[in-house]
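Dear colleague,

Please find the structure below, together with its sequence.

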Amino acid sequence: MKPAGFTYHRPATVDDAVAVLAEVSPAGKVLAGGQSLVPLLNMRLAEPEHVVDINRLSELAYVRADGDAVRVGALARHADVERDAAAYAVLPLLRETLGYVAHPTIRNRGTTVGSIAHADPAGELTAVLALLGGTVTLRRAGGERTVAAADFFTGPMSTCADAGELVTSATFPVPEGRTGAVWTEVARRHGDYAVCGTGVVVTLDDDLRVAGARAAYVSMGPEPVLLDLTDAVAGAPFDDADWPAAGRLAAGRLEPDDDIHATAAYRTRLAEVLTARALRAAAGRPSVVA
Amino acid sequence: MTTRSFGEPIARLEDPRLLKGEGRFLDDIGHRALAAAFVRSPHAHARIVDIDVTDAVGVDGLVAVYTHDDLDGRAGEALPVLIPHETLTHGRTGFALAKDEVNHVGEPIVMVVATDRYLAEDACARIRVEYDFLPPVVGIEAARDAGLLVHDDVPGNVSAHMVQSRGDVEAALAAAPNVLDLDLDIERSASTPLEGKGVHARWDADDASLRVYTSTQASTSVRAALAARLELPLDRVEVIAPDVGGGFGVKIVHPWPEEVLVPWAAIRLGREVKWTEDRREHFVGAAHERGQLQHVRVGFDDEGRLLGLDVTVWHDNGAYTPYGIIVPIITTTQLLGPYKPDAYRAEFFSLYTNTVPVTPYRGAGRPQGCFAMERTMDAIAAHLGLDRTVVRERNFIRPDEMPYDQGLIFQDGRPLVYDSGDYPATLEKLKKLVGWEEFAAFRDEARAAGRRVGIGIACYVEGTGVGPYEGGWVKVETDGSVVAATGLTTQGQGHKTAFAQVVASELGVPVDRVAVTTGDTRRFGYAVGTFASRAAVMSGNALAAAARKVRDKALRIAGEALEADPRDLEIVDGVVRVIGSPGGAPGASIPLATVAVLANPLRYAFDREAERATQFGGPVDFSKPPVAEGESPGLEDTGFYSPPRSTFANGMHAAIVETDPETAEITILRYCVVHDCGTLINPRIVEGQIHGGVAQGVGGALYERMVYDGAGQLLNASFMDFLMPYSTEVPVIETDHLETPSPLNPLGIKGAGEAGVIPGSAVLASAISDAEGFAITRMPISPSDLFSLRLARESR
């Protein structure tokens, strides 16, 4: 298991990086934490002619949180995001979700933006970005654009990023109003990709009645699946809503596949159960009902 | 450190080195060696039409490309069937490089040697093999149906058919007031050591000798096999097992194709050659185990006593039978565990499939046998409405019936006679440890809270320490340190600590003065290997025998020096002294180091130590020759141990599980082990062996399976999809021990290496069945499987 030969580039600035990517496009591949790319290279499932290592781009090693959003640079490790106190204060969902992402050694190297750019349909952060209506910023030689998560993910392991573009950051908006968010999942082993995982956001009105319920799912489709489940619970008191109905609504709208770890029917059942559990927990968060 | 370390839970002497990264594993050796890589079959069953290497020839750094046609002499012959058996009528093996046909994905076809592994793999990618596809046989049902054949000349896909029986089982079943039938299914798993296989070979043309490092469980036998295959005199071949990162059975098989090919190429090229197996290669190019279908027919009285037990096993042996049929033999002979049915009959069919060959994996057929027997015990209890422990207790062999002859022939070809054990006492300890009687209250409490919990139990008896023999060599150096060697290998068990404890205690020296070498044919040439929980029993007793001889010699020489009767002397903390004279009056003691000096009279004084041993170094008795007649120089000796038959350890496990009513997730709440492996050399090491075994048992029960598709492709050949449990999946393990010494060996010890894994599937199936209220008959079981079972029952 040794990779095929490639040309290795290690730019020192973002400008240099996008220049190299433009030059070698479409034969370049960006290396950040390497937690997905390196195994793919070793197993020769990917044989890029050029690997552009962005680990010297310290300008992208940031986590910035304010009242509106948490913005994560392309060189911030999962562990940086997980440990960031300001990010946790405004958006506890990030830390809570990252606890499900692999293991500490992997989170110390793997980057949050890298996992989003890789667009594995089982990657928790892809779903969280979609759930929160987040955005991704892409730089290319001579330009920059910001794309909504809904437009960014175009299929399993595929995004709208062009070969010459570098994803420089991801922005996770803080949900507005009286909202609670929760991530939960079932995996075969701790830290494995989920058999089914879901993140939810519940919004209450000032009478503590349900005004909105959204959920995003991993391992339930070719890309993060986003569902609005408000219809099942709208107007119900936060502590007496029919959350199982929302679970059933979700289950009826998801079309997962069988794989070697679980049948589609089992995944659907998990989605039903986990959706109800997560929504109930999100609505009951002390910060929401306070 | 006190002299008496035998039986003490001392820390492992090998750990500081390994934890500091100072281990020398196979891939740490030979950095300048050429690298080998292999083109392996991507197809499960095909005829090789053509191999075109043209495109590889241009790869930079390419040194050689070999196919079967290049293998001259015996290197090109079929690999051996290591353990022949009269019922193995159709044993088949592959070749080091496939000849004409491939029978499983992963079978090596072309060997490439290049200046490094990257380039070797580049070259492999450019070699084109043309195949004529043959339909593959995948799964035990397909093999049994025999609509298609793996080997044209093996009718019914049956490599071996064997029947053993005791008593008239037909009559017993006919007369039994109760008869049950069970169909059971255990899927494949594998040893999956963290370090795969690996071989490094160096041919010394000047010396006409070959040195091979290989990650093996049997270096002496690899040596003999290589000498035979490569047509070299045995004394020109050295084989060394360096630090080995786990074996669990798969490395007892030899010679692996790569073990023949790497040295063969090294000789041919006159260069060092190395191959380190990667993870994907290991999944498809090594061995698996466990896969069996079983049918049990059991007759019993209204008290639950076994009257007749008739078991049929269909065993998946994969594409070849390099290790014979040891696994199904063990399944059908060890199945009985601690029980004594009036009549027993076991029949197995060992079947070929176009999948990776099956050879022993820790437990070696016992987990399957335990599963059959223990599922049967639970079925009897359910049928009669009896407590599961009561049914088991009523069928136990009693301590006063030992030794107990099960009337069968064991895997070593010798009678299956249990030497000792107290099964009722083991069960009592287990019930107390897990709180068997209190569980009903816990269940009620959990149920009231909407939780679903269950308790399970499984018992086993394990034949350990099979022969034919092991040996040991012990030497006291002139500085008083002790070196010892045994030929069998070590893969992480802590042998160097346990053996040092044995030697130190026999010899009367501190344990940290003893350095043990294993698995190096330069140091000890006679050995069998490390398998069947035999190392402590076999080499432990052999080293004890050698140490006792050295001790006797030391006392004799010291007696002369001290002018004392050797029978009045003892060795304490490395000093020979008159018994009971601590501190020692002048002339009443002599350091063992000095005895070692005296044991080897020298002519040349190369240092101050040596000066004392020269003919002019001290007082000399001119009436005697420097080395007494019948003696040999040096304070060293060799001992062997060869048992009349195996010694039988036993144990019982209990588990409490919780199954989520909604998500069908399975959580182990408690896991309790009571274990009796005779006298303990080092309780801490035994505990570690149990823990490791339980971890693998949990893996086999809840996580691991080999997922083959209909075309014979292994779909989960990586640690991402083959779910070896992490530490987070292994429960806290509560243990208790009994020590019933074996009467068969001087140290009274029984093997402990495999024990922990044996009842894993049985005990967890028992607990999950208890939680769910229906019998689990197929393992492993995933949450998705449990969900499907629930759905199937609801829709009935």
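A residue counts as buried if 20 or more other C-beta atoms lie within 10 Å of its own, as exposed if 12 or fewer do, and as partly exposed in between, with C-beta atoms placed from the backbone. This is a predicted model, in which local features need pLDDT of at least 70 and side-chain atom pairs count only at pLDDT 80 or more, while totals for chains, interfaces and linings use all residues. Residues are numbered from 1 along each chain as its sequence is written, and chains are lettered from A and ligands numbered from 1 in the order in which they are written.

In chain A, Ala17(A) is buried because 26 other C-beta atoms lie within 10 Å. Ala17(A) belongs to helix H1 (residues 14–24); helices (H or I, at least four residues) and strands (E, at least two) are DSSP runs, numbered from the N terminus.

In chain B, 4 of the 5 residues of strand S20 (residues 482–486) are buried. S20(B) pairs with strand S19 (residues 470–476) of chain B in the antiparallel sense over 5 bridges, where pairing requires at least two DSSP bridges between the strands. Within this pair, Val474(B) is opposite Ala484(B). The hairpin of S19(B) and S20(B) has 5 residues between its strands, and Gly480(B) there has a positive phi near 90°.

S20(B) also runs parallel to strand S21 (residues 514–518) of chain B, joined to it by 5 bridges. Here Thr486(B) stands opposite Thr518(B).

With kind regards
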